[in-house]
Each structure stands twice: as structure tokens, then as C-alpha cells.
Amino acid sequence: MTTPAFRLRLAALLGLAWLAAFSVAAPAIAQDPAPPAAGARKPLLMAGATSLWQRILTRPGARPSQAPGGPPAEAEIPPLTMLFVYARAAGDGGNWLEVGPTIGGQTLGWLPEAEAIDWKQTLVVNFTNPVNRDRALFFKDSAPLLSIMEAPDAEARTAALRQAAITGTLPPDSPIAAIEPSTWVDPAKNFYLLPILNWTDGYFAKGFPGLALQVAATSLQEAADPPPQAADPGSAAQVMAGYRAGVVFVVDTTVSMDPYLARTRETIRTLIEKLHAEEGDRLSLGLVGFRDVLDDGRPDEYIAKVFAALSDGLDPKEFLDRFDQATVSHVDNRDFREDSFAGVKAALDDIDWAGVAGRLIVLITDASPRRANDPYSSTHLDPDQLRLLAQSKGAAVLVIHLKTAAGKDDHAAAEEAYQPLSDYPNVGSLYFPIEGGDLRTFGSVIDRIAGVMLGQMQAAAKGQVAPATDAPADAKSDDPSRTALARTGLVGRAMQLAYLGRKEGGRVPRLFSSWISDRDIANPARKALDVRVLITKNQLSDLQTTLNAIIDAGEATRVAPNDFFRQLRSAAATMARRPEGVGQEEARHLADLGLIGEYLQGLPYRSRIMELTEDDWLSWSFGQQRQFLDDLQAKATLYQQIYDNTDLWIALDGQRTGGDAVYPMPLDALP
């Protein structure tokens, strides 16, 4: 039984997150050679699987032996190391497992089964930013967690438990094992695993479905945990004094934007003068312009162009001189839509954000974007994929949409795209609609946004985390800009909290197993955890190949949709997914064809492609079929960018490379 002091220590030490980043796509994913090599030993397959190897996670104190029941080695395997199982045998002390770090045939030796945890699905989680939600509680068992989730008074009950955990007054019979820390731990500085060992569905009294997750955590650093220390307010103030932020304006420079560009420049001039006088280099500005294509499909000089990097924004005169170069076009583009996503992506990829903790992209436009299925889109991304790219780089996207009279037929399409693009986890959408494109309203909004940015930097200069604005972020307001402004303040606060957590550091316990809700129990509309699946490079390559096969089958059968599943059966046979019986006509469910890798089966999410039946496909309109294929194409583009970023892939044992390296894929990024 754990003591209150031990639980308090866990509360002070436990913090979990994943680092993710993306880069520019290459034309196609190249399939890595898939080990094991011919003639090499292979790990054991999971029961009923044809391609999934048996995996375990090591418990603390695990030491390999050269034979079942033999003397253990002196060196301990770090807790929660993921290993593959090559053989199982009985020996002295019970059952034993022969394990290895890769699937290439190399083994470490034998472990007692009692020193291993079976890991059937490579699922992990990370905490969402603690802004705008309560700290999560870890339960000793699933039953009390599920009971509180379903209780009408869940908010009051968790508040009492949380306060006891914070103050260290939990009684020995408390259902709580620990509490999430108030600061964020950066896995780039202290990498660790938080695998999901088990889960069960839960339902909140407020009507939201949720998951109760059994998790285990460990630091991959071998040094002993330091003794817990009380937070030092003076130290936190010194840390916040070093906070730096960057704001990149992504501005529409097509012919209709002339007055708005001038008004933006006026606001930035005032802001940068204040910054230079009061804040020095704490906040730097950048500028990206974007246009579109002409009637003949050629770019109007450029599609996206960096006019000022963040380093240029440190000098007011230099920045304004560069802003003057971002003049509007003198010709009309092909249609009202514009490639605004190209401007956002240029801000993410072509701006150097190094040393900048607070990252905000402000998109200003009067038109809807070119989406993934648009032949003139340069990114081939949809809002959801572009938002994931931004968030993976620690950036938030704020959109000022000028709803001018000339674009009235385009307003709905623009809002449909920019609302999800600007959505920030647990905060909401940073979408500012300017009705009628009114220049005075636009000026007021951009001035207020600049004021929020300045206020956050002034708070940081005083060693403080900026408070949220007075306007409630969840309010139902007649002025949507007021709500979006409050949310902008929350996003800035979230970035400052993340910075504070990274700088203050933190450690996780050597082993900790408990149950936790994936949503804020007091407010289940907000997520406490992001569930991810560790996917290897080979599996991601396989997944993109599968999506391309489905897309090709859909394109080839546009005039004969009855042939869609026949084409998929042929593709499955060609890809040798399920050579036995793959052509049977009774296989009318896409999952039955064996196209989708087994690594996606049994996960706690609903897959559109795995649930698709032939009857579903034939009942859809041409537009619904087209949208389904376009969604798959956008995800395939996202996978390419994940695959190409060599810094993203994680070698869990420090040696695994190539196709065995893993990436924690968000569940909502899966097809």
C-alpha cells in the first residue's frame, strides 16, 4: 500500500507528453527493406495474427539470463523497454521468454514471465496542455474511476479528491494513487513511455462517451529520481523572464486586399514600436504573403513568399521596409478561392522558429482556401491535416476572415475550412469573422489581438504567466470576435505554461500503473489525454500504399461503382495481403479483404475504411464517394510528411533504426 507521502511524490514528479514535428513532403514513400532478413530468426506471432509480433514491456529489475532458469546478468534492462518475444519455455521459477530488441533475429536472453508485461497494442498517451481544464487524477483501479465518471456530482467529487491529492491529505483507503503535475514535462529533454495496458469504455453523466485507460509510465533516464522539492516562485519568475514569442502574419496579397494590407501595416507599426520600446526582443514578428494562380494556371508571381523572417522582426525599420515589399497584385486570380494553406505552410516550414516558445500564425484573407482535392492546391492538405502540422510544431493558427460582399457566395466554404484549421485543443476555434469586410471593425479586431500579444509579453517580462482575458472563452456571445479574443488569450497562456514546464523540467517514477480518464471528469467536453498508436516506418509505408490502392480503385471505377470492391479484391491479391480466399465474392466488407494492416485492428477508435461495406459504397452519391477518396488522399499526404522527417522517428532502445523506428500517430490522423 502506498503512503500519502509517496503519492504526493508521484504527484510532484509525474508528467507526460509526446514530441512531434513534420516536414515537407517528398513525392512518394519509399518502402524500407522489411526485416527480418531471409534465414534470420523471427519473433513469435500474436495469436490469430499473420503480421504482428509478440511484444512485451519490461518491469523494474528485469535482468536477462542466458538460458531459462539461469543466473541473471548484472545489468538491469530499463523499465518499460519494448522487446520482441522469440520463444517461450518452462524453467526454474516458472515460464520464461526469450526476448530481443529488434525483429532482425538478435536476442538479449531469457526473462522470467513475471518480469514482463504483455503489450498487445502499441498504444500510448500524452497529457493535453493543462490550460482550461482540471488536473487529471490517477485511480488505483477502474471501478472507482468509472463510478465517478458516471456520477451526476462528478465535478464536486473530483474537486474534493483533487484538493486532497494536492495537499497530500489522501487517506490510505483513497481510490487516488497520484495527480497530474501542474507543469509539463518535455519528452525531448526527458524521454519516457506511457503505454496503455488496457482500456474500457466509460460514459459520463453529462452524455459524453469516454475511455478509462490503464497506463504505465517510466522515465528512460537511468539516474535516480531527485528528492521532491517545493516549487520556487522566484525560480519560476526567472524562467518566465526568458520567454520569447513569435507572430507570423500570413497575408492575402491578391488585388482585393489593398485597404486591409495597409491597415494591417498600420497596426503592426504601432505594435512593433511598443515592443521595441518596452519588450526588446521578447516578441518578434514575421510576414508571409500568398497569392494564387492566374486563368492559365500559372502563379501570380508567387503562391507563397516569406517577406520577413522572425529575425527581421527584431528591427522595426527592417521589418516595415520588408512589409512595404508585400504589395498587392494588380490582376485577378483564376477564381475567388486562394491558396491560403500555402501561406500557412510556408510560415511553418520556411520560418526559423528556433528559440521561440510562443508561436502564433495570423492568417488574414477574404477568400476560402484551395483544399486537398483542388487541382491548383500546392499543399494537397485539408484543414484537419494542416492543423495537425501546426500543432505538432507548437503553433496556433488564428484566422481573420473578411466576409466582403464580393465573396458572399464563398463565405460558407471559407468558414467551413477556417473554423477547424484554427481550432486549438481544449480552447476552441480562433476564427474572427469580419462581417461585410468592414475596415473599421477589422482594424479594431487586429488592434485588440495585438493588445493581447503585448499584454502576454509584459506579463512574461515580470516573471508571470499571463492571465486569460475577461471574456469567457466558452461564452455564447453576439460578438464572435470577443469569444475568439478570449480564446487567443488562453492559447497564449497555454504556450507559456508549456514553456514553464519545459524549463523547470520534471521526472517520472520508475514504474507507475493506474487508471485514468481520457477526458476531464469535471468537464468531459475537454480532453485530458491524447491517445496515440506507435506505428513503425514500415507500417506507415504500408498504410500509405493501402490508401493509394483504395484511391486508385475508386478513381478507376467512377463510372462503374459496382466494380469498386472487385478492384480492391484484385489489389489485395496483388499486395499479397490475404492470398487465401481473397477473391471470394462473399467478402463484402473492406476489412474482410485484408487490405488494412493488423496494427490498426482492435484500437479504441472507429475507422471509416475498416467499417466500409460494399452496400455502403453503392448507397453513397457520387459526391459522397468523391469526399471519401479526397479524405484518404489528404491523409496520405500527411503520412508522407511524417515519414520524411528523420528527426521525428523514435528508436525506443537507442539502436533500432530504419523501418523499425516508431512514431506516435494520433488516433484522429488514422483513416
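I took contact to mean heavy atoms within 4.5 Å. With that rule I looked at the protein chain and found that, among contacts between residues at least 6 apart in sequence, 75% join residues at least 24 apart.

I noted that this is a predicted model, in which local features need pLDDT of at least 70 and side-chain atom pairs count only at pLDDT 80 or more, while totals for chains, interfaces and linings use all residues. Residues are numbered from 1 along each chain as its sequence is written, and side-chain values use heavy atoms, with hydrogens and water left out.

**Overall make-up.** I looked up the secondary structure, where helices (H or I, at least four residues) and strands (E, at least two) are DSSP runs numbered from the N terminus, and the protein chain has 16 helices and 22 strands. Of its 671 residues, 55% are buried, where buried means under 20% relative accessible area, exposed over 50% and partly exposed in between, with a 1.4 Å probe and protein chains only.

**Cores.** I then turned to nonpolar cores, each a set of buried Ala, Val, Leu, Ile, Met, Phe, Trp, Tyr and Cys residues joined through side-chain atoms within 4.5 Å. The largest has 83 residues, and Leu213, Ile550 and Met665 have the most contacts inside it; helix H16 gives the most to this core, with 8 residues. Leaving aside neighbours within four places in sequence, I found Met665 in contact with residues including Val531, Ile535, Tyr639 and Leu670. A second, separate core of 58 residues includes Tyr243, Ala396, Leu398 and Tyr499.

**Aromatic rings.** I counted rings of Phe, Tyr and Trp (its six-membered ring) as paired if their centres lie within 6.5 Å, with planes under 30 degrees apart stacked, over 60 edge-to-face and the rest tilted; the count comes to 10 aromatic pairs. One of them joins Phe127 and Phe138 edge-to-face, at 6.0 Å centre to centre and 80° between the planes, and it links strand E6 (residues 123–127) with strand E7 (residues 137–139). Phe127 counts as buried because its relative accessibility is 5%, and Phe138 is buried too, at 1%.

I also looked at Trp617 and Phe628, an edge-to-face pair at 6.1 Å and 70°, which lie 11 residues apart in helix H15 (residues 614–619) and helix H16 (residues 622–644). Ring pairs link Phe564, Phe565, Trp617, Trp620 and Phe628 into a cluster.
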